[in-house]
Amino acid sequence: QVQLVESGGGLVQAGDSLRLSCTDSGRTFSQNSMGWFRQAPGKDREFVAAISWRDGEIFYAGSVKGRFTISRDNAKNTVYLQMTGLKPEDTGIYYCAADERLYYSVSYYYAGNYAYWGQGTQVTVSS
C-alpha cells in the first residue's frame with residue numbers, strides 16, 4: 001500500500017528557496033514513479049515534475065525547468081522537490097503522486113495517470 005506524506009511547504013519571499021519532501025510509508029516506493037503537481041486557488045492541478053522508477057528519467061514543466069530539481073532517495077522512501085528562484089506564481093498547494101504503471105513519457109504529465117496522492121503542502125511566495 002502506498003501512503004504519501006508531503007512536508008516542507010511554507011511562506012517565503014520571491015527569490016527564496018524551499019525543499020519539499022514526500023515520504024512513502026509503503027513497501028514499494030522504489031517501484032513507483034513519482035510526480036509533483038500543484039494547484040493554485042481557482043485553477044486546475046498542474047504538472048510540476050516527475051521521476052521514473054525504471055530508469056530515473058526526469059520530466060519538468062516548462063515553467064519550472066532550471067529552477068526546480070526533483071530527486072529521489074529509495075533508501076529513505078522519499079522524493080524531493082528542490083525549488084529555487086521562487087516566484088509568486090509558484091504559489092499553491094503542492095501534491096506528491098505515485099504510480100507504478102507509467103511508461104510512455106507523455107503519461108508522466110497527467111494527474112489522472114497517478115493512482116496515489118498525498119494530502120498536499122502549501123507553498124506561498126510573496127512578492
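View 1. Residues are numbered from 1 along each chain as its sequence is written, and side-chain values use heavy atoms, with hydrogens and water left out. Because the model is predicted, local features need pLDDT of at least 70 and side-chain atom pairs count only at pLDDT 80 or more, whereas totals for chains, interfaces and linings use all residues.

View 2. The structure holds 9 aromatic pairs. Phe59 is buried, with a relative accessible area of 6%, whereas Tyr109 is partly exposed at 35%. Both residues are members of one aromatic cluster, formed by Phe37, Phe47, Phe59, Tyr95, Tyr108, Tyr109, Tyr114 and Trp117.

**View 3. Arginine side chains over aromatic rings.** The charged end of Arg45 sits over the ring of Trp117, 4.8 Å from its centre, a charge being counted as over a ring if NZ of Lys or CZ of Arg is within 6 Å of the ring centre and within 35 degrees of the ring normal. Arg72 lies over the face of Phe29, at 4.6 Å from the ring centre.

**View 4. The salt-bridge network of Arg38, Glu46, Arg67 and Asp90.** These four residues are linked in a network of salt bridges, a salt bridge being a side-chain nitrogen of Lys or Arg within 4 Å of a carboxyl oxygen of Asp or Glu. The side chains of Glu46 and Arg38 meet at 2.6 Å, N to O; Glu46 is partly exposed, with a relative accessible area of 35%, while Arg38 counts as buried at 5%. Asp90 and Arg67 form a salt bridge at 2.8 Å, N to O. Asp90 lies in the loop between β8 and β9 and Arg67 in the loop between β6 and β7, so this pair ties together parts that are 23 residues apart in sequence. Asp90 is buried at 0% relative accessibility, and Arg67 is buried with a relative accessible area of 13%.

**View 5. The salt bridge between Asp99 and Arg101.** The structure holds 4 salt bridges, one of which joins Asp99 to Arg101, with the closest N and O atoms 2.8 Å apart. Asp99 counts as buried at 1% relative accessibility, whereas Arg101 is exposed, with a relative accessible area of 57%.

View 6. Glu6 is found in strand β1 (residues 4-7) and is buried without a salt bridge, the nearest side chain of opposite charge being that of Arg45, 7.6 Å away; Lys and Arg count as positive and Asp and Glu as negative, while His and the chain ends are not counted. A polar atom of the Glu6 side chain lies 2.7 Å from the backbone nitrogen of Cys96, and the side chain of Glu6 also reaches the backbone nitrogen of Gln119 at 3.0 Å. Leaving aside neighbours within four places in sequence, Glu6 is in contact with residues including Ser21, Cys22, Trp36 and Gly118, contact meaning heavy atoms within 4.5 Å.

**View 7. Gly10 in strand β2.** Gly10 lies in strand β2 (residues 10-13) and is partly exposed, with a relative accessible area of 24%. Gly10 and Thr121 are 111 residues apart in sequence and 8.0 Å apart in space, C-alpha to C-alpha. Not counting residues up to four places away in sequence, Gly10 touches Leu18, Gln122, Val123 and Thr124.

Methods. Helix = DSSP H or I, 4+ residues; strand = E, 2+ residues; numbered from the N terminus. Buried < 20%, exposed > 50% of the residue type's maximum accessible area, 1.4 Å probe, protein only. Polar contact = N/O pair within 3.5 Å; in protein donor to acceptor, adjacent residues only side chain to side chain. Phe/Tyr/Trp six-rings, centres within 6.5 Å; stacked < 30°, edge-to-face > 60°.
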